[in-house]
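Please walk through this structure with the sequence and the coordinates side by side.

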Amino acid sequence: MLDNPWIVFTVMAALMQAVRTAGQKQLANSVSAMSSTLIRYVFGLPFAVAYLFYVCDAQTSNLFTQALSGPRFLIYASLAGVAQIVATFLLIRAFSYRNFTVGTSFAKTEAVQTAVLGMLIFGSGLSLTGWLAVVLGFIGVLIVSIPTALQKWEPAAVAFGTLSGTAFSVTSLSLREASLSLELPVLQSAAITLVYMVSLQSCLCLAYTRIREPAQFAAIWQRLPLSLFVGVTSAAGSVGWFTAMTYQNPALVKSLGQVEFIFTLCLTTLFFKEKVTLRELGGVAAIIGSVVLIVWRY
């Protein structure tokens, strides 16, 4: 695993995302969906900037200025930034339809969507083993997503989750293109891309909230400790995702990132006291099979 740093960064990112999502669920009870999205970016930005200075050191200012002069970087990084706002907003909306674990499951079609879109748009194909791992992980998520006999199939939840996955896949593919366009060491290019995107996202979300939901600023202030927690975990998770996807095909990164689902199940059981069914455990088994294939092959 240490010979493949993208695996380490992916697992770290998945863990941080599961923890951050749990925090966002708590925020969703007192702030709007867009305000929860705003918190993720605004409170995460200082930590992203600190990380940028850490990996770039004295070169930070020059490297960041050079990145902003590249049209390819600006186009793809801006596209990724907007797509991630849309994806996060849709994911938070999906939370309100089903329990915590299943509420995030529909968005996990992101991995297979990333594989397909990456192949069609960027020609980034996978090996047979890679496709098998992606499909196996998708099947695991699908098993969990199917409602039980006592639950209604909610079209809105399916739509929000699936569209969230699509937007996240666009984000992943675009940020990789932006990061690779810089032609810098991986840690530096990923950090620059992260800071640019989070800065753009913070500005857009602040403008929207100021115009459409100004009362939300008071609500955010009342949940300041939790907001800081979401910001820190979001920044840490983003460092992991951005770095891993600069190293490796985003479809493989997102497939391995399905381990987040296992972390989510643990949070569901320990903190939210929601029951885990045999069907969900079956889905976890398929996801574990996908992870094993990726680690073994790559």
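Beyond its neighbours within four places in sequence, Val134 is in contact with Ala111, Val112, Ala115, Leu126, Ala251, Ser255 and Ser290. The model is a predicted one. Val134 sits in helix α8, which spans residues 128–145. Its relative accessibility is 1%, so Val134 counts as buried. One of the contacts deserves a second look. Val112 is 22 residues from Val134 in sequence, yet the two C-alpha atoms are 6.0 Å apart in space.

Thr10 is another buried residue, with a relative accessible area of 0%. Find it in helix α1, residues 5–27. Which residues does Thr10 touch once its neighbours within four places in sequence are left aside? They are Trp241, Ala244, Val253, Leu256 and Gly257.

Helix α4 shows how burial can be laid out around an axis. This helix covers residues 60–68, and its buried residues are Thr60, Leu63 and Ala67. They span an arc of only 75° around the axis, so they fall on the same side of α4. An α-helix has 3.6 residues a turn, so residues three or four places apart point the same way. The face turned away from the buried side carries the exposed residues Ser61, Asn62, Thr65 and Gln66.

Most residues other than glycine have a negative phi. Asp57 is not a glycine, but its phi is positive, at about 55°. Is Asp57 buried or exposed? With a relative accessible area of 58%, Asp57 is exposed.

Now move on to the cysteines. How many disulfides does the structure hold? The number is zero. Cys203 is in no disulfide, and the nearest cysteine sulfur, that of Cys205, is 9.6 Å away. The cut-off for a disulfide is a pair of cysteine sulfur atoms within 2.5 Å. Their surroundings can be read separately. Cys203 has a relative accessible area of 53%, so Cys203 is exposed. Cys205 has a relative accessibility of 1%, so Cys205 is buried.

The last stop is on the surface. Val116, Met119, Leu120 and Ile121 make a nonpolar surface patch of about 380 Å². Take Ile121 as one of its members. Ile121 belongs to helix α7, residues 110–122. At 56% relative accessibility, Ile121 counts as exposed.

Keep two residues in mind when you return to the view. Val134 in helix α8 counts as buried at 1% relative accessibility. Ile121 in helix α7 counts as exposed at 56%.

Key. Residues are numbered from 1 along each chain as its sequence is written. This is a predicted model: local features need pLDDT of at least 70, side-chain atom pairs count only at pLDDT 80 or more; totals for chains, interfaces and linings use all residues. Side-chain values use heavy atoms; hydrogens and water are left out. Helices (H or I, at least four residues) and strands (E, at least two) are DSSP runs, numbered from the N terminus. Buried means under 20% relative accessible area, exposed over 50%, partly exposed in between (1.4 Å probe, protein chains only). Contact means heavy atoms within 4.5 Å. The arc is that of the directions from the helix axis to the C-beta atoms. Patches are made of residues with over 30% relative accessible area and no salt bridge: like charges are joined within 9 Å, nonpolar side chains (Val, Leu, Ile, Met, Phe, Trp, Tyr) within 5 Å. Accessible areas come from the Shrake-Rupley method with a 1.4 Å probe; for residues, only the protein chains shown count as cover. A salt bridge is a side-chain nitrogen of Lys or Arg within 4 Å of a carboxyl oxygen of Asp or Glu.
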